[in-house]
Amino acid sequence: MNNTTAEKCLNAYILTFNCARNLIPTDRFAAHLFDVLPPDTATAPEILVLSLQEVAPIYYAFLGGSYLVPYLSAFRQAVGIATRNRWPRDGGWGYVNVVTHHCGLTALMVFVRGDVVGNVSWTDTAEVGVGLQDMGNKGAVGVRLGYAHGDNETTELTFVAAHIAPMEHAYERRNQDWRRIVERLVFTKSGDNGDAEGEQEDTAHLLQPNRRSVESGIFSPRSHLFFAGDLNYRTSDVPPTPEDHAQYPQPHASLSDASHHSKLFQNDQLTRELRAKRTLHGLSEAPITFPPTYKYSEEAQKAALLGEQAQDGPGDTWKWATRRWPSWCDRILYLEYPPWMTAATKNGVKSAIQVQGYDALPLFPTSDHRAVALAVTVPLRAIASPPSQISDIDDARLHPPFPIDPSWRARRESARAKELVVGGLAYLALTWEGNGILLATVAGIFGGWIVLRSLLQGEVSGGLEI
């Protein structure tokens, strides 16, 4: 993925990672951030997107604002370190974090390379909770942006970070969560919802005024779509038994071996549900050649901390948690160019998403998931309106699988109020600083009661003396 076609194409690098509610090891994360790029990549991709799940403990994530700053800042630092190390002679332009948005425990960070950040002409954000009572313990966050190029042309790109229902048996609930995301992840003009938690980078001066004035869902007739997250689809509909553990994949297994991970992938729920058109309608995925990304054991995480975690070589081992089937929970899918664009060419180049890499990163010691990254090249050619003679074609951009829920805004506002209550109570009960506030409050109330009682007793005594 070099810059020989920079004037015609946009390079994007999308990474999804379940952080397990822990701060990332910044230097280690930076050392592997760009592992999935082709080795001969001469220049950093124009756009870098981080889809993050369980980004912080629930009390910090639900409260938001300054409570999230350490967790999000660690990623910004890692991006800076990784960029300087990989491309030390690129003039110091680095990346600019143009959008950071979150919904509960799910966050989305969009970075644009400093020398082209001016091409971002507008941004929109959206969020939806699909967890308990519509809260953001599970949910999705979206960012849509316009990337200007050429003679007044703009390419629209939509990025969605998602985290949906867990457990082997809950594949139908995951399908339902996808439906709720399509129905209630709604984009509006920037500034309508604001950035209530205040974690947004102060980059408004870099962007031109937003041009959008209508609501739209994740499918838009003129937008590309990349959907990344911990989608939680498993490789079995039931939990494993002790006898199943012998089938868990290992890196030393040959392709013909029953314990090779490709055999387990044949049971992948997401592949099955996609083929049946019960979820992620219209989206495509690059071939998966990497091992399962979940669930690694505590022993594996300790090994990663010591630098002993397997790098997928034949002499290594994958240490799996025994109570879950190893599965490809962490996925990145995308919407192909629409049919009316794939046959068209510009300067002899076919309009198509080109996958440059799709792979898992090594295990980090802070999570039982491996991060997954997708490197793609997107032709810089705006998606045109379909010709009238094929306007009825079965394409998700034109015919989303589910309509927008008219109550989406009220549902989100109600859920956000619940998040603040739950986050506040959890903060007081589960953190040292919250315990201190609670103790000080109780002490203050008790002290006030002592003083008030003394005053009242004094008044009574004084009245008797009179």
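Which residues line the largest cavity? Before you click, know that this is a predicted model, where local features need pLDDT of at least 70 and side-chain atom pairs count only at pLDDT 80 or more, while totals for chains, interfaces and linings use all residues. Residues are numbered from 1 along each chain as its sequence is written, and side-chain values use heavy atoms, leaving out hydrogens and water.

**Stop 1: the cavity.** Select Glu-127, Val-128, Gly-129, Asp-134, Arg-184, Trp-408, Arg-411, Arg-412 and Ala-415: they make up the lining. A cavity is a set of points on a 1 Å grid over the protein atoms alone where a 1.4 Å probe fits but cannot get out, and lining residues have an atom within 4 Å of a point.

H9 supplies the largest share, 4 residues. Helices (H or I, at least four residues) and strands (E, at least two) are DSSP runs, numbered from the N terminus.

**Stop 2: strand S8.** Select residues 223-230, where 8 of 8 residues are buried (under 20% relative accessible area, 1.4 Å probe, protein chains only).

Next, show S7 (residues 153-163), which pairs with S8 in the parallel sense over 8 bridges; pairing takes at least two DSSP bridges. Look for Leu-157 opposite His-224 in S8.

How values were computed
On a 1 Å grid over the protein atoms alone, a cavity is a set of points where a 1.4 Å probe fits but cannot get out, and a pocket is an open set with protein on both sides within 12 Å along at least five of seven lines; lining residues have an atom within 4 Å of a point. Buried means under 20% relative accessible area, exposed over 50%, partly exposed in between (1.4 Å probe, protein chains only).
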